[in-house]
Amino acid sequence: MSGEGDVCWLCARPLGRRTEWHHPVPKSRGGRETVPLHPICHRAIHASLSNAQLAKMGADSAALLAVEDVGRFVRWVSGKPPDFHAPTRTRK
């Protein structure tokens, strides 16, 4: 588990009341490590990337931020409060 339990692994905002634990390398691909995320950030990752894509990136949050949809989402959510929630768009 990450030692940075007070901030979101993806957007680096403080965590709110709810924290979800994400496997950067999906469990189905042998991943064991988990990192803390806001629920909305967790959903944005899975709406934008397949498990195969996530497995290739590993635990590199910078690689995720380089994905256009994920980077755009993080820029959008950066000014929101920790417990902010909105419907997550799925990939086209």
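**Close-up views of a predicted model**

**View 1. Histidine 22 is buried, with a relative accessible area of 1%.** Keep in mind that this model is predicted. Buried here means under 20% relative accessible area, so histidine 22, at 1%, falls within that class. You will find histidine 22 in strand 1, which spans residues 20-22.

**View 2. Two other histidines meet the side chain of histidine 22.** Another links the side chains of histidine 22 and histidine 46, at 3.5 Å. Beyond its neighbours within four places in sequence, histidine 22 is also in contact with residues including Trp9, Glu33, Leu37 and Leu54.

**View 3. Helix 4 (residues 68-77) has buried residues and, on its other side, exposed ones.** Its buried residues are Val70, Gly71, Phe73, Val74 and Val77. They lie on the same side of helix 4 because they cover an arc of only 160 degrees around the axis. Turn to the other side of helix 4, and Glu68 and Arg75 are exposed. Among the elements covering the buried residues of helix 4 are helix 1 (39-48) and helix 3 (61-65).

**View 4. Helix 1 passes helix 4 in a right-handed crossing.** The axes of the two helices come within 10 Å and cross at roughly 160 degrees. Helix 1 is therefore roughly antiparallel to helix 4. Look for Ile40, Cys41, Ala44 and Ser48 on helix 1, which make the contact with Asp69, Val70, Phe73, Trp76 and Val77 of helix 4.

Key:
Residues numbered from 1 in each chain as written. Predicted model: local features only at pLDDT ≥ 70, side-chain atom pairs only at ≥ 80, totals over all residues. Heavy atoms only, no water. Buried < 20%, exposed > 50% of the residue type's maximum accessible area, 1.4 Å probe, protein only. Helix = DSSP H or I, 4+ residues; strand = E, 2+ residues; numbered from the N terminus. Arc of directions from axis to C-beta. Contact = heavy atoms within 4.5 Å. Polar contact = N/O pair within 3.5 Å; in protein donor to acceptor, adjacent residues only side chain to side chain. Axes fitted to C-alpha atoms, helices over the stretch in contact; angles between N-to-C directions. Parallel < 35°, antiparallel > 145°, perpendicular 65-115°, else oblique. Left-handed = near helix turned anticlockwise from the far one by under 90°.
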